[in-house]
Amino acid sequence: MCCDHCCARETSCIATVPVFKGMDESDLQPLQKVTRSRSFDKGEFIFREGERSETLFVVNKGLIKLTKMSSEGKEQIVRILFPGDFFGLFSLLKQENHYMNAEAVGSSTVICYIEKKDFLNTMEKNAGLSYRFLLAVNDRLYEADESVGFLSLMEVEQRLARALILFHDKMNANNGVFTLPITKKDLASYIGTTPESVSRKLLSFVSQKLISMNGRRQIQILEVGQLKKIAGIS
C-alpha cells in the first residue's frame, strides 16, 4: 500500500502519458495499482547500456537523456525524453540488454515504472490500449527515422533551430520564453557538433533577431515561423 503522496504522483504519471489518455477509469485503476515511482538525482542512471530489465519506464518529472558511447569513449545523445515519454520498451519486449544509457538530466527527476508481467496483463485485457500503444510505437519509429536525417542531412544551423523548436514546444514556453533544459555541451552532442559551434549559431540567431537570450540558458523565440522555416518544419 503506497502513501497518498506517492499514489497521487503515480496517478499523475499515468495521466500524462498520451497513450494512456482516453482510457476508462475502470481500465486505468488496475494500471495505477501496479505503477511505482522513484526519484533520481542529476547524473544518476536509470539503466546503463548492456544491462537488462523487464520494465516500462515513464518520465513523470524532469528530463532523461538516452546516450550511447563511441569506441573512443565519446558520448552521443540519441534522444531527449520529456514528461509523458516512455522508454525501455526494447528490453521489455525482446528480453535483451539495453542498447543505450538512460540518465537523469536534472535533480529531482521522477520516473514511473511498470513491470513486464503487469504491463502485458493490462494490455491483454484492453484491446483499445494495445492498439494505441502500437500507434505510439509506430510514432517512435518515425521519430527515429527522422532523427537519422536530422543528423546526417541538415546543416548545424538547421539542427539547432529544430532543437530549439522542440524545447519550445515540449516545455510549453510562455511567450516563447524557456530555459535550455540541457547544457550547451549536451546540446552540442545532441545535434552532432561542438559547444563552440552552438554558441556561434545562437549568437547568429540573436543578431538575426530570431531569438533573444537572457543569461547563459534562458531563451525567447521571437520569430517562431522563421525559425521553423530554417529547421525545415512546415
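## Exercises on a predicted model

**Exercise 1.** In this predicted model, which residue of β7 stands opposite T67, and how many bridges join β4 to β7?

*Solution.* T67 stands opposite N101 in β7. Widening the view to the two strands, β4 (residues 64-69) and β7 (residues 101-104) run antiparallel and are joined by four bridges. This pair belongs to an open sheet of four strands, whose order is β2-β7-β4-β5 and whose pairing is antiparallel. Because β2 (45-47) and β5 stand at the edges with a single partner strand each, one side of each is left without a neighbour in the sheet. On average, and with direction ignored, neighbouring strands of the sheet are turned by 30° against each other.

**Exercise 2.** Describe how α7 is placed against β5 and against α8.

*Solution.* Begin with the strands: α7 lies across β4 and β5, and runs at about 95° to β5. Turning to the helix pair, α7 and α8 pack at an angle of about 95°, with their axes 8 Å apart. Since angles of 65 to 115 degrees count as roughly perpendicular, α7 and α8 are therefore roughly perpendicular to each other. At the contact, K184, K185, L187, A188 and I191 in α7 meet P195, V198, S199 and L202 in α8; these residues divide into six nonpolar, one polar and two charged.

**Exercise 3.** Which residues touch the most other members of the largest nonpolar core, and which element gives the largest share of this core?

*Solution.* Of its 30 residues, L164, L187, F205 and L227 touch the most other members. The largest share, seven residues, comes from α6. Leaving aside residues up to four places away in sequence, L164 touches F178, L180, L202, F205, I219, I221 and L227. Apart from this core lies another, of 19 residues, including V19, C112, F119 and F133.

Notes. Residues numbered from 1 in each chain as written. Predicted model: local features only at pLDDT ≥ 70, side-chain atom pairs only at ≥ 80, totals over all residues. Heavy atoms only, no water. Core = buried A, V, L, I, M, F, W, Y, C linked by side-chain atoms within 4.5 Å. Buried < 20%, exposed > 50% of the residue type's maximum accessible area, 1.4 Å probe, protein only. Contact = heavy atoms within 4.5 Å. Axes fitted to C-alpha atoms, helices over the stretch in contact; angles between N-to-C directions. Parallel < 35°, antiparallel > 145°, perpendicular 65-115°, else oblique. Nonpolar A, V, L, I, M, F, W, Y, C, P; charged D, E, K, R; others polar. Pairing = 2+ DSSP bridges.
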